[in-house]
Amino acid sequence: MAKHKSYTEQEIEILKEGGKRLATILQTLGENCVEGAVAMELDSLAEKMILSNGDIPVFKNYQPDGAAYPFPASLCVSINDVVAHGIPKDEILKRGDVVSLDLGLRHNGLVVDSAISILVGGNKNNEHGLEQKLLEVTKKALQIGIDQCVVGNRVNDIGIAIEKYVVKQGFEVVDILCGHAVGREIHSEPIIPHADYGPGGERILEGMVLAIEPHISMGTGQISLSPKDEWSYIADDGAKSAQFEHTILVTSENPVIITTF
């Protein structure tokens, strides 16, 4: 079990300011995630906005243990059957695409991480009703997970609550993709399950800064690492998926969402 180191009041204010900046950038990216947009141009916009604020895009050149090479972009753009860690290329977005935008930045030394999903073109004439429901369920699943982030609970309580809700809605959790602690590093312990692995896991402590990020699939939820780029996770059955993510602070009362306005 990782030793928990609390954040000072000054560090918490830095995290909150970084979270506001990240939320603003993701809102702008979402507004630009339209039919005809190019994935790599969204990445360029994200990087430009982060740098213009004097912050650092933490995903770019990040190479965790086991990665074949550093991640080459600032923004993860995962489209349809690309479930996570999509490398933005020259792909043009089409109506009905489900696009997940995952972004992290370092503000005054501390890291925040957040993600949104967009249904390109919306659900006009109810032609993409299932995709719209997927986004609504994934966003709700994130909130359900956040609600479990209270002192005394265990990290497995988060996944138990998320999966119970998601399965009732007719979708599946991508169970091998987990949340994590964030703040001083991009990824650190504890690891946060988003699926039901049974009771247990590390205790949730006051002062923890956690990234909760369920990935929810319209199919089986089974995924594989792309042999082409060795970063993207692809749905084995080609199903679309969505992701929403917030960085949160565990307090003595309710969890506080950091990556919001």
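Buried residues, defined as those under 20% relative accessible area, with exposed meaning over 50% and partly exposed in between (1.4 Å probe, protein chains only), make up 53% of the 261 residues in the protein chain. The model is a predicted one, in which local features need pLDDT of at least 70 and side-chain atom pairs count only at pLDDT 80 or more, whereas totals for chains, interfaces and linings use all residues. Residues are numbered from 1 along each chain as its sequence is written, and side-chain values use heavy atoms, with hydrogens and water left out.

The protein chain contains four helices and 15 strands, where helices (H or I, at least four residues) and strands (E, at least two) are DSSP runs numbered from the N terminus. Its radius of gyration is 17 Å, close to the 18 Å given by the globule rule for 261 residues, so the chain is as compact as a globular protein of that length; the radius is taken over C-alpha atoms, and the rule is 2.2 Å times the number of residues to the power 0.38. The C-alpha trace spans about 45 × 45 × 35 Å along its principal axes. With contact taken to mean heavy atoms within 4.5 Å, 69% of the contacts between residues at least 6 apart in sequence join residues at least 24 apart.

The accessible surface of the protein chain comes to about 11,700 Å², and 49% of this surface belongs to carbon and sulfur atoms; accessible areas come from the Shrake-Rupley method with a 1.4 Å probe, and for residues only the protein chains shown count as cover. The chain has 22 positive and 37 negative side chains, and the centres of the two sets lie 4 Å apart. In this count Lys and Arg are positive and Asp and Glu negative, while His and the chain ends are not counted, and each charge is placed at NZ of Lys, CZ of Arg, CG of Asp or CD of Glu.

Helix 3 (residues 129-147) has 19 residues and reaches 27 Å from its first C-alpha to its last, close to the 27 Å expected at 1.5 Å a residue, the expected span being 1.5 Å times one less than the number of residues. The buried residues of helix 3 are Glu131, Leu134, Leu135, Val137, Thr138, Ala141, Leu142, Ile144, Gly145 and Ile146. In general, an α-helix has 3.6 residues a turn, so residues three or four places apart point the same way.

In helix 1 (residues 9-32), which holds Leu15, this leucine is buried, with a relative accessible area of 2%. Not counting residues up to four places away in sequence, Leu15 touches Tyr7, Leu110, Val111, Val112, Gly183, Val209 and Ile258. Gly183 stands 168 residues from Leu15 along the chain, yet the C-alpha atoms of the two are separated by 7.4 Å.

Several buried residues are found in loops. Val174 belongs to the loop between strand 6 (172-173) and strand 7 (179-181) and is buried at a relative accessible area of 1%. When its neighbours within four places in sequence are left aside, Val174 is in contact with Val83, His215, Ser217, Gly221 and Ile223, and its C-alpha atom is separated by 10 Å from that of Ala84, 90 residues apart along the chain. Ser226, in the loop between strand 11 (223-225) and strand 12 (233-235), counts as buried at 9% relative accessibility; with the same exclusion of neighbours within four places, Ser226 contacts Trp231, Ser232 and Ile234. Gly198 occupies the loop between strand 8 (188-192) and strand 9 (209-212) and counts as buried at 18% relative accessibility. Beyond its neighbours within four places in sequence, Gly198 is in contact with Asn156 and Ile160, while 39 Å separates its C-alpha atom from that of Thr28, 170 residues apart along the chain.

Backbone geometry was also examined. The peptide bond from Glu189 to Pro190 is cis, with omega near 10°, and Pro190 has its place in strand 8. Asn61, which lies in the loop between strand 1 (56-57) and strand 2 (75-79), has phi near 70°, a positive value in a residue other than glycine, and counts as exposed at 55% relative accessibility. His85, in the loop between strand 3 (82-84) and strand 4 (98-107), has a positive phi of about 60° although it is not a glycine, and is partly exposed, with a relative accessible area of 28%.
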